[in-house]
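The sequence and the structure come first.

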Amino acid sequence: MLTLYLPTEPYWLDLPRGVRVEIRPVTTAVMAAAQAAAQRRLAALREVDAELDPDLARGLAFAFLAKALARHAVTAWEGVGDAAGKPLPLSPEAVERLMDLDEMASAFWERALLPIRTVAAEGNG
């Protein structure tokens, strides 16, 4: 029997450097929206550069997916400031800039998908 325990309400994730983000649960709809957005961005780049390096394209695909997932999932944050050290308001553009930092994107991806991977890894049956 599958033990189905996935969050249904927003929850906080701790990221490196004292950053915390509140995210809505990563549902099928949220992930599908992120995948669609990432695919559109990569397709637009390929229209401009048909000979896009395959390794770079793979890296961009992940970066675009992490950014899109964060844009669709993050509902609040703490510990993110502007150049003057003042708290930076949450915005889609600011979320993308946070995901430009590899350690943030990697930690976000790992922690946001942890509930789904936990259910899958459980085996349950």
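## A buried alanine

Ala57 counts as buried because its relative accessibility is 3%, where buried means under 20% relative accessible area with a 1.4 Å probe and protein chains only. Ala57 belongs to helix H2, residues 54–73, helices being DSSP runs of H or I with at least four residues, and strands runs of E with at least two, numbered from the N terminus.

Leaving aside residues up to four places away in sequence, Ala57 touches Leu42, Arg46 and Leu52, a contact meaning heavy atoms within 4.5 Å. Between Ala57 and Leu42 there are 7.4 Å from C-alpha to C-alpha, at a separation of 15 residues in sequence.

## Basis of the values

The model is predicted, so local features need pLDDT of at least 70 and side-chain atom pairs count only at pLDDT 80 or more, whereas totals for chains, interfaces and linings use all residues. Residues are numbered from 1 along each chain as its sequence is written, and side-chain values use heavy atoms, with hydrogens and water left out.

## The cover of H3

In helix H3, residues 92–99, the buried residues are Ala94, Val95, Glu96, Leu98 and Met99. Their cover includes strands E2 (20–23) and E3 (74–78) together with helices H1 (28–48), H2 and H4 (102–112).

## H2 against H4

The contact between H2 and H4 is made by Phe62, Leu65, Ala66, Leu69, Ala70 and Ala73 of H2 and by Ala105, Phe108 and Trp109 of H4.

Definitions and conventions. Buried means under 20% relative accessible area, exposed over 50%, partly exposed in between (1.4 Å probe, protein chains only).
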